[in-house]
Amino acid sequence: MAFVKGMWRILVAIKDGLVLLFLLMFFGLLYAALSWSPKPAQSVSSGALLLKLDGSIVEQPSEVDPMALLTGSRDKSKEYGLADIVAALDAARDDRHVKAVVLNLDGFAGGGQVALARVGKALDAVRTAKKPVFAYATIYSDDSYQLAAHASESWVDPLGGVAIVGRGGSGLYYKGLIDKLGVNTHVYRVGTYKSFVEPFTRTDQSPEAKQANQALANALWEDWQQEVAKARPKARLAAYVRDPAALAEAAGGNLAKAALGAGLVDRLGDEAAFGARVAEVAGDAPDDKAGDFAAIDLKNYMKAHKPANGGEIGVLTVAGDIVDGEAGPGTAAGDTISALLRKALAEKDLKALVVRVDSPGGSVMASEKIRSAIMEARSEGLPVVVSMGNVAASGGYWVSTPANVIFAEPDTITGSIGVFGIIPSFEGTLAKMGVTTDGVKTTPLSGQPDIAGGTTPEFDRIMQMGVEDIYGRFVGLVAQSRRKTPQQIDAIAQGRVWDGGTARQIGLVDRFGGLEDAIAEAAKLAKIDPAKAKPYRIAKEPDKFAEFVQSIVDREDEDDAGAPDGAMGRDLLGRQAMVQRNWALQAVADVRALVSGAGVRADCLECRGYGAPRVAKAADERGLMAVLLGLWR
């Protein structure tokens, strides 16, 4: 009888699961049917390639969750792959159907100095092909103006302007709050400049961190100014950034006129006037709406001109935070990336490997797992070339150590060779509520780490020795890779972050160049003609259902006359409000990392301010509301 009851429960569970599955499929298809507009999409065969960048340019876009799309809890900002943007611009350069390229930067969130310089290079190539590049924004930020400087004609709204603030800014430090709450942060680290833990242990930057960060910001700011000045020599950039208030006052407080007077933009006009100007070159839009022009959709164009993926030079991308376990694109999960590489080595006849790194680091264990997989490629006789993007620091440098050659850009952020571990305990917090702990032990490590009662000196000593041992291994890997002694590497390590130009001088990178240069070098090392070398991108296959749902959501956004959720503010105050919101979300992420960021880490705090902006996720917003509610209570 018990057996019959058990079987009945299993059958009922299977039935309930199938009903739930069919319900989800039914509502998904119903949503798709209701969301799909019967109106045919407007398309043109000839016109201007429109880059309306409502989001950020990243090395590898994050994986789309179809259920989040269906339930409306998707991320608030879009991500555009750097390689996809560059490939589209390269195709547009020689495409007779593309009359011009248009940059609409009103919703642009940024992309990192290295990535934007690469897009700027592609825009220059379009202009060299005698095709105009038009740029428009209500207000330009540093990142959007870095792109607009490469335009042949830049417009700004009469109510907007150019707000260039330069590199640098403030960070959040939680030591005062932690002390008030009675939390005890146990820190184990190696590296004079390893400042990741400082927000939890100090109320300000240490003198060493401030000195290193100032040098880094100065180098990047100098390179930014040089690129903009080269792209737009008529702009009086130095005077504008030195005293923008004086220029604005001379223009009667009108920031747009001040930018025009300084030569930073060519024309003042709203979006309708800008569209009419583009239409003179690209033609009118099919719907004949005033101010519209014949626009070629970027997403469709990128899909139509996506490069073939069948070459002999494997390209493995390590982008985002390095984490343990598995994860989709946009996060460098140790298990996922190592499995993808081993699968490619087993199934494809690869002759060389290029590792594209754009990561501030993360888990030491995951970094080592990725490094070990890359070493397997070397053991099979494949030359390995690393191409560094915006950031390749800490764990990002750890995974770069197997390289025969390392390429970087002058504005790449790299180094940060240091290790740390951090864990909080709440004995002080509990004591304030009248809660204490007690128990029995059989060894000095019984019950450790005890987050309720505190850690013991023995545990702290073992953890510190473990961190020092891993740091020694890190230094040894770098020394072997760079053909230097551990003492020489230790002198330039200690957690210090370097710009790419300085990193080349001190031997942490070999040459300047981008991904294309790295692929050409890998071909040479494999004795393949670089002109004939083709890449094979080692990446997870996209989810077809997610792509289908994404197309529906994109159509819905296009049909929506209003601005999409999470759009960037169009004026200076609106953008500043977005910055403050992102700061609040970062605070939630920092606190979450303090509580749940277990494990020894090779991570870089300051690097995050120089890469592509972090996408605000719905989970972060829920976390922010929980924090605010807790403080209110």
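Which strands does helix α12 lie across, and at what angle to β5 does this helix run? In this predicted model, local features need pLDDT of at least 70 and side-chain atom pairs count only at pLDDT 80 or more, whereas totals for chains, interfaces and linings use all residues. Residues are numbered from 1 along each chain as its sequence is written, and side-chain values use heavy atoms, with hydrogens and water left out.

Helix α12 (residues 271-282) lies across β1, β4, β5, β6 (153-162) and β8, and runs at about 175 degrees to β5; helices (H or I, at least four residues) and strands (E, at least two) are DSSP runs numbered from the N terminus, and angles run from 0 to 180 degrees between N-to-C directions, with axes fitted as lines to C-alpha atoms, for helices over the stretch in contact. The open sheet consists of six strands in the order β8-β6-β5-β4-β1-β9, with parallel pairing, where two strands pair if DSSP finds at least two bridges between them. Its edge strands, β8 (267-268) and β9 (295-297), each pair on one side only. Helix α3 (residues 82-94) also packs on the sheet, touching β1 (47-52) and β4 (contact: heavy atoms within 4.5 Å), and its direction makes about 165 degrees with that of β1. Strand β4 (residues 98-104) is joined by four bridges to the parallel strand β5 (residues 133-140), and Leu103 has Ala135 of β5 as its bridge partner.

Helix α14 (residues 334-347) packs against helix α15 (residues 364-379) at an angle of about 10 degrees, the axes being 8 Å apart, which makes α14 roughly parallel (under 35 degrees) to α15. Residues making this contact include Ile337, Leu341 and Leu345 of α14 and Ile370, Ala373 and Ala377 of α15.

Note on methods: Parallel < 35°, antiparallel > 145°, perpendicular 65-115°, else oblique.
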